Amino acid sequence: QVQLVESGGGLVQPGGSLRLSCAASGSIFSIGAMGWYRQAPGKQREMVAKITTDGRTNYVDFVKGRFTISRDNAKKSVYLQMNSLRSEDTAVYYCNGYLRSAATWGDYWGQGTQVTVSS
């Protein structure tokens, strides 16, 4: 059974920083692209950042220059450093990974971690 477990969310003031972590565990043969998504109340889930196995990154415009995604393949982990946080960044953040478990590839999701930006 494959699991993605996020950590690092919390309450932070505007302009502050948080670092989210996500670790994959279980019967994993290979890990492809990984990413972070978020969902604010009343809104659809949206992509925030993605990273390929060789480290190429892709960001949505509203986080460029503020957020940085990285990964550690040996630790089967992906991270999201969030700086200059704004109130509109408040959301549940989800980790996503395209993983091979047993014979098949598939999309896996974490349970989400709450990020609240408020004074």
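**Strand 4 and its partners**

I looked up strand 4 and strand 9 and found them paired in the antiparallel sense over eight bridges. The model I am reading is predicted. Strand 4 covers residues 30-39, and strand 9 covers residues 91-101.

I then checked what else strand 4 pairs with, and strand 5 (residues 46-51) came up, antiparallel again, over five bridges. Strand 4 and strand 5 make a hairpin, with six residues between them. In the turn I noted Gly 42, which has a positive phi of about 75 degrees.

I picked out Arg 38 to follow both pairings. Arg 38 stands opposite Tyr 93 in strand 9, and in strand 5 its bridge partner is Glu 46.

How many of the 10 residues of strand 4 are buried? I read seven, and the strand is mostly covered. I kept in mind that side chains in a regular strand alternate between the two faces of the sheet.

**The disulfide**

I searched the whole structure for disulfides and got one. Cys 22 and Cys 95 form it, with their sulfur atoms 2.1 Å apart. The pair links distant parts of the chain: Cys 22 sits in strand 3 (residues 18-25) and Cys 95 in strand 9, 73 residues apart. A disulfide is a covalent bond between the sulfur atoms of two cysteines.

Cys 22 has a relative accessibility of 1%, so I count it as buried. Cys 95 comes out at 0%, so it counts as buried too. The cut-off I applied for buried is under 20%.

**Asp 89**

I moved on to the loop between strand 8 (77-82) and strand 9, where Asp 89 lies.

I looked for what the side chain of Asp 89 meets. One of its polar atoms lies 2.8 Å from the backbone nitrogen of Arg 86.

Leaving aside neighbours within four places in sequence, I listed the contacts of Asp 89 as Arg 38, Arg 66, Phe 67, Ser 84, Val 115 and Val 117.

Technical notes:
Residues are numbered from 1 along each chain as its sequence is written. This is a predicted model: local features need pLDDT of at least 70, side-chain atom pairs count only at pLDDT 80 or more; totals for chains, interfaces and linings use all residues. Side-chain values use heavy atoms; hydrogens and water are left out. A disulfide is a pair of cysteine sulfur atoms within 2.5 Å. Helices (H or I, at least four residues) and strands (E, at least two) are DSSP runs, numbered from the N terminus. Buried means under 20% relative accessible area, exposed over 50%, partly exposed in between (1.4 Å probe, protein chains only). Two strands pair if DSSP finds at least two bridges between them. A polar contact is a pair of N or O atoms within 3.5 Å; within protein, one must be able to donate a hydrogen and the other to accept it, and residues adjacent in sequence count only if both atoms are side-chain atoms. Contact means heavy atoms within 4.5 Å.
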